[in-house]
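Here is a short tour to read with the structure open beside you.

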Amino acid sequence: MTILVTGGAGFIGANFVLDWLAVGDERVVNLDKLTYAGNLKTLAGVLEDPRHVFVQGDICDRGLVDGLLVQHQPRAIVHFAAESHVDRSIHGPGEFVRTNVEGTFTLLEAARAYWGRLEGDASADFRFLHVSTDEVYGSLEAHDAPFTEQHPYQPNSPYSASKAASDHLVRAWFHTYGLPVVTTNCSNNYGPYQFPEKLIPLMIVNALAGRELPVYGDGRNVRDWLYVGDHCAAIRRVLEAGVPGETYNVGGWNEMANIEIVETVCRLLDALRPSELGPYGRLVRFVTDRPGHDRRYAIDARKIERELGWRPKETFETGIRKTVEWYLSHTDWVVDVQSGAYRDWLSTHYGRHSGAPA
Ligand code: NAD
Ligand code: DAU
């Protein structure tokens, strides 16, 4: 048996592929364009593994996707590939519409054609699992109840709007064509191999480099944080037992304000890698807010627990410690991803707070 994963060289996709091969023997065909966010170094341990077939390519390439489906006959598609960073979507939304909307459309059409030719159990058991985000639901006020699967879609950024559009396409392909889809809407992930443009790895690598720690606005925006290994376990469970046409919210039951996250990272670094110049908290800077910055996300993850028996295993305390230790012990990976293009992003987006050369 084989599954086709898209975006399996990115943060969550690669963690998923590594975990998948660690817990079972089923083959994975991994289709990834290798944008700035895709990194084959993350997959170094499985590139020679006969159970893992890596294909560099674009999900918008219908001919390529059709060919892979015919050649490998997967029983499922697990769709991670996306442009995923909100700040980049504000600087340049076009690529988000292309990959997240057009790319998902292309995959759905290819999957529909392929699934239409399957028979018997192969047809009944086929799944298209679409990995999405809690950001499609928009922003909550401090005392609002967490997002359930029934919460109205109110995306506010180009990124979340493009993900919401892709969720709607996936939903429509179920209702109109009967394609057996399942969608997961997950909160903020953190853990090993996350590209240091996102809050937690950015704070770790900036602190270690003595750069400023840019906190947007008043630092009181709230996110729910989930360790990436728990997200991967949730996806495996939804693939195994999720009901076609259903959506499942996935979260860590762990709401925290950004400034608390940054302070926690600083405290761990103070303990594990103290700086001669003093506590890392000295580097925190409150900077201009992200335009349209959503105030609060919170996930009600009771449905996936009740119906599929999934709950996160890590607490934030255990997960964040593992994460900081991972970044401290994988300096080669960290140095490698901070290439010229990465430094260009820091200076374009953060200007004088980046610490990047002018
Ligand atoms: P990421 O940016 O780290 O990785 C995305 C991967 O997709 C990269 O390897 C990139 O090369 C690949 N890709 C981009 N465009 C492509 C294209 N046109 N064709 C083929 N491959 C392409 O993203 P991530 O953080 O791992 O997120 C994975 C998925 O999970 C996304 O769909 C995202 O919306 C969703 N998600 C992320 C989070 C989070 O906190 N990171 C939370 C919930 C949901
Ligand atoms: O909620 C799920 C989403 O989480 C995913 O769908 C996205 O793909 C993922 O990128 C993430 O989006 P966020 O915008 O929440 O993540 P980010 O790490 O960019 O920011 C987290 C919070 O930290 C957010 O409130 C903005 C703030 N922030 C971020 C950066 C990069 C800062 O204060 N300073 C920063 O430099």
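In helix α2 (residues 62-72), the buried residues are Val 65, Leu 68, Leu 69 and His 72. Buried here means under 20% relative accessible area, exposed means over 50%, and partly exposed is in between, with a 1.4 Å probe and protein chains only. These four lie on the same side of α2, because they cover an arc of only 95° around the axis, an arc taken from the directions from the helix axis to the C-beta atoms. Gly 63 and Gln 71 are exposed on the other side of α2. Helices (H or I, at least four residues) and strands (E, at least two) are DSSP runs, numbered from the N terminus.

A word on the background: this is a predicted model, in which local features need pLDDT of at least 70 and side-chain atom pairs count only at pLDDT 80 or more, while totals for chains, interfaces and linings use all residues. Residues are numbered from 1 along each chain as its sequence is written, chains are lettered from A and ligands numbered from 1 in the order in which they are written, and side-chain values use heavy atoms, with hydrogens and water left out.

Now to the ligand. Around ligand 1 there are 29 residues, of which Ile 12, Asp 32, Ser 84, Tyr 159 and Lys 163 come nearest; a residue belongs here if one of its heavy atoms lies within 4 Å. By class, this shell has twelve nonpolar, twelve polar and five charged residues. The table gives polar contacts, that is, pairs of N or O atoms within 3.5 Å.

| Residue | Its atom | Atom of ligand 1 | Distance |
|---|---|---|---|
| Ile 59 | backbone N or O | nitrogen | 3.0 Å |
| Ser 84 | side-chain N or O | oxygen | 2.7 Å |
| Lys 163 | polar side-chain atom | oxygen | 2.6 Å |

Taken alone, ligand 1 exposes 840 Å², and the protein buries 97% of that; these areas come from the Shrake-Rupley method with a 1.4 Å probe. The elements giving two or more residues to the shell are α1 (11-23), β5 (127-133), α6 (158-177) and β7 (188-190). Strand β5 supplies the largest share, three residues.

What about the cysteines? A search of the whole structure finds zero disulfides, a disulfide being a pair of cysteine sulfur atoms within 2.5 Å. For Cys 186, the nearest cysteine sulfur is that of Cys 232, 9.4 Å away. Cys 186 counts as buried because its relative accessibility is 3%.

Technical notes. A polar contact is a pair of N or O atoms within 3.5 Å; within protein, one must be able to donate a hydrogen and the other to accept it, and residues adjacent in sequence count only if both atoms are side-chain atoms. Ala, Val, Leu, Ile, Met, Phe, Trp, Tyr, Cys and Pro count as nonpolar, Asp, Glu, Lys and Arg as charged, and the others, Gly among them, as polar.
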